[in-house]
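This briefing gathers what can be read from the coordinates of one protein model with its ligand. Please look over the sequence and the structure first, and then go through the points by topic.

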Amino acid sequence: MSGELSIDNLSLYLGSGSQRFTALENVSLNVAAGEFVCILGPSGCGKSTLLGAVAGHLAPSRGSMTLDKKTITTPHPQRGLVFQHHTLFPWQTVIDNVAFGLKMKSIKRDERRSRARDLLKLVGLEDSADLYPSQLSGGMQQRVEIARVLVNHPDVLLMDEPFGALDAITRLRMQELLLDIWTRIRTTILFVTHDIDEALFLADRIVMMSARPGTIIEEIVLEFPRPRSASLLTSPRFAELKRYCLSLLHDDHADVGRLSPLGDLPTYTAVPVLQLAI
Ligand SMILES: Nc1ncnc2c1ncn2[C@@H]1O[C@H](COP(=O)(O)OP(=O)(O)OP(=O)(O)O)[C@@H](O)[C@H]1O
Ligand SMILES: [Mg+2]
């Protein structure tokens, strides 16, 4: 199975001259083929920068990244990126948007439409094939966007807050849909989010980053069984891990050891509601 990602001591500087700063510092992360990893961290800590580097859009200043032992140097459809806002072509129908990547590979029209139709079925939009993006809701547009990336059979799906612009109910539906898709196609997923609930619901493992310069401060393996349903969101273990994630995001990370629910359970009081916004 392909899709094994390895990030080794990655540091990345951005800006130039006196504006130059360290966006990522010594980030090391191994993601197994087919694993679902969520990256959680405060705004501006370098999550999108990390994804941009893995996508091949930003070159490392130090360190290296490999996918299936091959060094990542440039963007490639085997590493598919999905952003918060869709990048669909407004002048093309849904099916042509999804088939676009196949057109670039010179695959014949009938075959690319047939494969695009299969992907639309996977995301539950087979009846919307001939609509234009402006005729779709935000959730539907993101489903087309996911189909458009998946049509290239990526080894890694890189998702940067893909559901961040959606309302809470649509967001939950999209999370369930993504898990369903991932169960069927088992691609590696690196998923960036601000949202602790989302990370806990989706991931096999959460990687927590510190404020800038972004570095990894904690990894949490999630043992929740799959398939997962919305009832997980109200379970005691979920609440406990959520509290732990909040403490990591708000505390000085030097204190983290004493709170770990991975061994001893945390005994501190819950973070006040006002602090919930990261
Ligand atoms: N091209 C750039 N030139 C200079 N600074 C940049 C550039 N891109 C991002 N930054 C800065 O780098 C830091 C990391 O940005 P990044 O977008 O990776 O953060 P993030 O964790 O994705 O934040 P958010 O959660 O708000 O999306 C931020 O301080 C941002 O202002
Ligand atoms: Mg970002």
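Helices, as the word is used here, are DSSP runs of type H or I with at least four residues, numbered from the N terminus. The model is predicted, and the protein in it has 7 helices and 10 strands. Of its 278 residues, 36% are buried, and among contacts between residues at least 6 apart in sequence, 69% join residues at least 24 apart.

- Just after helix 2, serine 106 adopts a positive phi of about 60°, while the buried residues of helix 2 itself, which spans residues 94-104, are Val94, Ile95, Asn97, Val98, Ala99 and Gly101.
- The cover over these buried residues of helix 2 includes helix 3 (109-122) and helix 4.
- Isoleucine 107 is placed in the loop between helix 2 and helix 3, where it touches Leu102 and Arg112 when residues up to four places away in sequence are not counted.
- Because 16 other C-beta atoms lie within 10 Å of isoleucine 107, this residue is classed as partly exposed.

**Helix 1 and the ligand**

- Around ligand 1 there are 13 residues, and the closest of them are Ser43, Gly44, Lys47, Ser48 and Thr49.
- By class, the shell around ligand 1 is made up of 3 nonpolar, 8 polar and 2 charged residues, and helix 1 (residues 47-55) gives the most to that shell, with 3 residues.
- Helix 1 is largely enclosed by the rest of the structure, because 7 of its 9 residues are buried; the buried residues are Lys47, Thr49, Leu50, Leu51, Ala53, Val54 and Ala55.
- Glycine 56 follows helix 1 and has a positive phi, near 95°.

**Packing of helix 4 with helix 5**

- Two packed helices are described by the angle between their axes and the distance between the axes.
- For helix 4 (residues 138-150) and helix 5 (residues 168-185), the axes come within 10 Å and cross at roughly 20°.
- Since angles under 35 degrees count as roughly parallel, that crossing makes helix 4 roughly parallel to helix 5.
- The crossing of helix 4 and helix 5 is right-handed.
- On the side of helix 4 the contact is formed by Gly138, Gly139, Gln142 and Leu150, which meet Thr170, Arg173, Met174 and Ile185 in helix 5.
- Sorted by class, the residues in this contact of helix 4 with helix 5 are 3 nonpolar, 4 polar and 1 charged.

**Cysteine 245 in helix 7**

- Cysteine 245 lies in helix 7 (residues 236-250), and it counts as buried because it has 21 C-beta neighbours inside 10 Å, the threshold for a buried residue being 20 or more.
- Leaving aside residues up to four places away in sequence, cysteine 245 touches Leu40, Ile196 and Met208.
- Although cysteine 245 and isoleucine 220 are 25 residues apart along the chain, their C-alpha atoms are separated by 9.1 Å.

- Arginine 212 and proline 213 are joined by a cis peptide bond, with omega about 0°, and proline 213 is placed in the loop between strand 9 (205-209) and strand 10 (216-221).
- Arginine 226 and proline 227 are likewise joined by a cis peptide bond, with omega about 0°, and the place of proline 227 is the loop between strand 10 and helix 7.

**Positive phi in residues other than glycine**

- Asparagine 26, found in strand 2 (residues 21-31), has a positive phi of about 45° although it is not a glycine.
- Having 15 C-beta neighbours inside 10 Å, asparagine 26 counts as partly exposed.
- Aspartate 68, located in the loop between strand 4 (62-67) and strand 5 (70-71), also has a positive phi, near 50°, without being a glycine.
- Aspartate 68 is partly exposed, because 15 other C-beta atoms lie within 10 Å of it.

Methods: Residues are numbered from 1 along each chain as its sequence is written. Chains are lettered from A and ligands numbered from 1 in the order in which they are written. This is a predicted model: local features need pLDDT of at least 70, side-chain atom pairs count only at pLDDT 80 or more; totals for chains, interfaces and linings use all residues. Axes are lines fitted to C-alpha atoms, for helices over the stretch in contact, and angles run from 0 to 180 degrees between N-to-C directions. Helices (H or I, at least four residues) and strands (E, at least two) are DSSP runs, numbered from the N terminus. Angles under 35 degrees count as roughly parallel, over 145 as roughly antiparallel, 65 to 115 as roughly perpendicular and the rest as oblique. A crossing is left-handed if the near helix is turned anticlockwise from the far one by less than a right angle, and right-handed if clockwise. Two residues are in contact if their C-beta atoms, placed from the backbone, lie within 7 Å. Ala, Val, Leu, Ile, Met, Phe, Trp, Tyr, Cys and Pro count as nonpolar, Asp, Glu, Lys and Arg as charged, and the others, Gly among them, as polar. A residue is near a molecule or strand if its C-beta atom, placed from the backbone, lies within 6 Å of it. A residue is buried if 20 or more other C-beta atoms lie within 10 Å of its own, exposed if 12 or fewer, and partly exposed in between; C-beta atoms are placed from the backbone.
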